[in-house]
Amino acid sequence: MIPEIGNIALLLALALAVIQGTLPIVGAARGNATWMSLARPAAEGQFVFIVLAFGSLIYLFVTNDFSVGYVAANSNSSLPLRYRVAAVWGGHEGSLLLWTTILSAWTFAVTRFSRGLPSEMLARVLGVMGLISTGFLSFMLLLSNPFVRLLPPAMDGRDLNPQLQDLGMIFHPPVLYMGYVGFSVAFAFAIAALLGGKLDAAWARWSRPWTTVAWMFLTLGIALGSGWAYYMLGWGGWWFWDAVENASLMPWLVGTALMHSLAVTEKRGSFKTWTVLLAILAFSLSLMGTFLVRSGILTSVHAFATDPKRGIFILGFLGVVCGGSLILFVWRSPKVGLGGKFELLSRETLLLCNNLLLLVATAVVFLGTLYPLFLDALKLGKVSVGPPYFETVFVPVIVPALVLMAIGPMIRWKQANLAELARKLMPSGIVSLALALLPPLFLGNWSGKVSMGIFLAAWIATLTVADLRSKIRSHGAGVPGAKLASLSRSYYGMLLAHLGVAVFVIGVTLVKGYETVKDVRMDIDDTVTVDAYIFTFKGAEQVRGPNYVAERGLMEVNKDGKRVATLRPEKRLYTASRMPMTEAAIDVGLLRDLYVSLGNPITTSGAWEVRIYYKPFVDWIWGGCILMALGGLLAASDRRYRMRWRHRVEFDKTERNALIAASQVAIVEAQR
Amino acid sequence: MRRGVLLLVLFAVLMGFFAVGLTLNPREVPSPLIGKPAPVFSLPRLDGAVQTFAPQDMLGQVWLLNVWASWCAPCRQEHSLLVELSKTRLVPILGLDYKDQRNDGLEWLHEAGDPYTLSVSDIQGRVSVDYGVYGVPETFVIDKKGIIRFKQIGVITQEILQTTILPLVKELNG
Amino acid sequence: MAKLFALAFLAAMAFSAQAKDAVPIASDPALEQRLNKLTENLRCLVCQNQSIADSNAGLAVDLKNQVREMMVQGQSDQQIADFMVQRYGDFVLFRPPVKTSTWLLWFGPLLLLLAGGAGLLRKIVRQRKSASDVQLDDTVHKRVQVLLEAVKKEETV
């Protein structure tokens with residue numbers, strides 16, 4: 001019963017998606033108000049049905065309905081409840097339904113938060129999102145239906161892959177998809193602007209919070225994936241330049257460029273065409289990521305089970321969406337240049353450089369991920385492109401971007417003064433250089449890479465704080481507290497996000513520069529000293545989990561004579577799938593992680609092979625990402641996005657010129 | 001405008017690559033040994049005969065070197081095909097027993113039939129590494145001069161046998 | 001006498017129960033570190049996207065042992081890498097070799113950066129000349145003042 005309900009819900013959702021995707025857009029072109037007004041209810045109805053379908057699938061998993069093939073393939077009766085829910089998106093079909101549900105949720109949000117949008121724009125935005133939804137729903141119903149029955153029903157399921165039976169599986173895919181799918185909103189706005197032929201600063205103001213929130217989710221999603229890999233895989237790695245990781249990094253990089261480009265378009269009316277192109281590119285990369293992961297075209301630890309027909313469908317969909325938008329772009333993008341005038345030394349130029357560097361960085365990831373495919377297709381041999389390539393080529397592109405990022409808030413719009421700028425940058429430069437060179441020399445452990453990392457982080461942090469101080473001081477007399485309150489959330493968001501980047505850089509630099517590992521054989525009561533910590537092994541005992549048996553080791557950690565942590569690493573064997581798993585034990589600390597994992601038992605004496613890592617500052621990696629995401633949240637909740645759009649006024653030329661001139665003066669004033 | 005058209009062209013090219021990509025297998029490792037002499041080795045024979053075998057012993061003939069193991073499930077799929085092939089005497093098949101205990105290998109051949117002129121025992125797997133073996137089964141076609149001409153990765157199906165291997169053998173035999 | 005014996009016995013027990021410093025698994029940790037560094041850059045051909053260092057597959061363990069032996073024999077990292085490439089092709093290296101077919105991979109980004117930078121520079125310089133600021137006459141100027149007052153009331157960034 002329930003699978004059939006789910007199926008029908010999807011069919012009804014598809015019908016509504018088709019309506020939502022066609023009539024409003026045609027209506028907007030023809031000025032047909034009735035057709036345009038169909039967009040909202042169609043989107044709302046679609047949301048209801050998709051949630052119904054998603055709810056049905058969750059119900060099937062929770063109640064262990066193994067008459068449904070997808071449930072039988074990904075779940076098991078002894079699987080704990082929370083993992084039974086997570087298993088809903090553990091395979092291809094379910095994760096597609098998750099994608100579609102989230103798309104529908106974003107669409108619903110657009111219907112709710114779009115009071116001020118002109119009706120043609122709303123109709124087009126919802127229309128585009130309806131078309132995307134049509135694509136995904138058709139894909140599911142034709143080639144990837146999670147509700148297909150299994151006859152005869154299975155006695156029990158094949159269990160969720162033990163590596164996925166974890167908190168990470170509960171949060172990482174939904175949050176990640178919120179980001180991936182969220183860029184569809186910016187995309188829809190861009191297409192709507194092209195269709196309507198009106199590309200102005202107002203469009204940028206509407207798009208910007210949606211883009212920022214999507215970016216925030218993507219940042220969190222990627223960080224969650226990285227953190228999960230870190231504690232689960234047992235050897236403390238957190239980024240592998242794996243094809244699927246790269247598939248999420250590319251939209252993130254372009255999304256970052258888009259956010260900054262939108263800022264310029266909103267404030268200065270410049271870069272319009274460029275911003276539209278970035279919006280199309282960001283979502284195209286999201287779709288391309290979906291294709292790469294599900295088509296079998298690349299090897300990856302994350303790849304879903306594949307089927308050539310599915311690959312063909314997604315490829316076709318990708319071609320239609322991206323190709324179609326590019327064609328629309330070429331045809332309809334306004335032939336305006338970069339917009340308002342600005343000098344070579346100005347914030348505009350800096351932001352353009354930021355965009356260029358981020359795009360080249362994206363190209364590096366793109367090339368590295370797809371090059372093996374390119375060569376293989378051309379019969380030019382088979383190569384592997386792994387971390388050595390990415391680290392060599394990606395880092396030198398990102399470093400200048402980070403240097404410029406710190407300068408951005410300090411440099412004037414339109415026309416900056418070199419002497420003034422140099423004056424502002426000098427103190428930070430000196431302090432950063434000092435911090436970069438002195439401590440490592442002190443510790444006797446100098447390395448160029450570490451110094452570079454410390455310099456960058458210090459550079460960003462000091463300049464960011466300096467900018468805040470100058471803003472507080474500059475606005476004339478007044479209590480500093482009041483000054484702080486008067487600065488916008490948008491500004492604080494930027495501060496926090498940029499500081500987050502500095503924190504991230506510190507984490508990466510210090511952990512790579514100073515982490516240590518020891519591979520030892522430990523008998524009972526043996527000790528190992530790593531850094532200032534003494535690890536004492538107390539043996540291992542057999543334990544029973546809900547769906548596994550394990551050997552659990554006991555490791556006592558002391559420092560300066562005091563107990564610091566008691567760690568219990570496990571080596572599990574999952575009963576249903578007979579898969580072994582290593583569960584590392586980690587003592588998380590602000591300044592370091594202590595990471596212990598069991599290797600193989602040394603049969604005779606109860607001794608074990610143990611691997612112990614000391615990882616300084618590793619949690620700053622994810623701490624930095626969280627700060628970035630918080631910054632994004634803060635910026636998106638800025639007052640001006642929550643203001644009601646008052647009334648639209650047509651301006652005559654004089655008024656228009658006055659407005660432009662006034663805004664230019666105001667900006668110069670604000671920078672003093 | 002020009003920039004946009006350039007983008008469209010690049011995009012079309014990318015789609016083309018993706019389409020071709022769908023037909024490829026990203027996990028397959030092509031052999032760099034094709035066209036090179038078969039690596040030399042001297043391994044003990046599986047049948048316990050005191051002699052060893054070296055590829056030089058087969059110079060002057062076109063032959064197949066089939067890497068197999070008693071613990072290899074997919075090998076069973078091609079084994080009956082190999083037994084049939086050995087009966088036709090079209091091409092001698094020699095076996096390389098990969099990481100197997102001698103007894104296990106012998107028992108398996110006893111059970112399933114022995115298509116091999118002889119098999120050698122590569123217990124440690126070192127010789128197989130020399131041949132770039134990374135899974136079982138794999139099969140090499142070696143010509144009269146001892147040069148590797150073709151490597152089949154995975155199971156030999158009837159189709160592969162008829163369309164690729166046998167015609168090649170015929171060609172190499174002159 | 002018995003007390004002395006008991007004391008001696010206890011002392012002996014204490015000594016035998018004394019924990020020791022754990023022994024590294026590898027007999028030569030420095031070599032092992034070199035081994036890990038090299039094998040981290042060799043692809044495991046059996047598993048999905050893991051290195052030989054990280055993989056537990058049979059072939060990976062065998063190859064790791066073989067590489068260790070080669071290191072002990074005195075072979076250099078380059079010689080060992082060449083050994084692997086001879087048998088498994090370029091695919092086994094995570095760092096793609098620099099040859100004509102990978103030229104675009106290694107130098108493409110740099111070229112893109114240079115081309116992009118040049119194009120950007122040209123565009124900025126050009127728009128500096130052509131785009132013009134708005135002309136201000138009296139009426140416009142007065143309107144500007146009024147607007148500036150309004151703007152000062154709501155300061156945003």
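Begin with chain B, where an open sheet of five strands has the order 5-4-3-6-7, with mixed pairing. Strands, like helices, are DSSP runs numbered from the N terminus, a strand being E over at least two residues and a helix H or I over at least four, and two strands pair if DSSP finds at least two bridges between them. Strand 5 (118-122) and strand 7 (148-153) of chain B are at the edges with a single partner strand each, so one side of each has no neighbour in the sheet. On average, neighbouring strands of this sheet are turned by 20° against each other, direction ignored; for such angles the axes are lines fitted to C-alpha atoms, for helices over the stretch in contact, and the angles run from 0 to 180 degrees between N-to-C directions.

Before going on, note that this is a predicted model, in which local features need pLDDT of at least 70 and side-chain atom pairs count only at pLDDT 80 or more, while totals for chains, interfaces and linings use all residues. Residues are numbered from 1 along each chain as its sequence is written, and chains are lettered from A and ligands numbered from 1 in the order in which they are written.

Next, select strand 3 (residues 63-68) and strand 4 (residues 93-98) of chain B, which pair in the parallel sense over five bridges; B:Leu64 stands opposite B:Ile93 of strand 4 there. Then move to strand 6 (residues 138-142) of chain B, which pairs with strand 7 of chain B in the antiparallel sense, also over five bridges, and find B:Phe140 opposite B:Lys151 in strand 7. The hairpin of these two strands has five residues between them, and B:Gly146 takes a positive phi near 85° in this hairpin.

Now select chain A, whose secondary structure comes to 21 helices and 10 strands. Its radius of gyration, taken over C-alpha atoms, is 27 Å, close to the 26 Å of the globule rule for 672 residues (2.2 Å times the number of residues to the power 0.38), so chain A is as compact as a globular protein of that length. The C-alpha trace of chain A spans about 90 × 70 × 55 Å along its principal axes.

Where do chain A and chain B touch? The contact takes 21 residues from chain A and 18 residues from chain B, two residues being in contact if their C-beta atoms, placed from the backbone, lie within 7 Å. Helix 12 (308-332) and helix 13 (347-377) of chain A each supply at least two residues of the chain A side, and the largest share of that side, 11 residues, comes from helix 12.

Turn to chain C, whose contact with chain A takes 50 residues from chain C and 58 residues from chain A. Strand 1 (23-24), helix 5 (103-130) and helix 6 (138-153) of chain C give two or more residues each to the chain C side, and helix 5 has the largest share, 13 residues. Select strand 1 (residues 516-522) of chain A as well, because two bridges join this strand to strand 1 of chain C, the two running antiparallel; the bridge partner of A:Val520 is C:Pro24.

Finally, colour chain C by pLDDT, the predictor's confidence in each residue, from 0 to 100. Chain C averages a pLDDT of 81, and 76% of the residues score at least 70. Among its elements, helix 1 (residues 2-17) has the lowest mean pLDDT (58) and helix 4 (residues 77-88) the highest (94).
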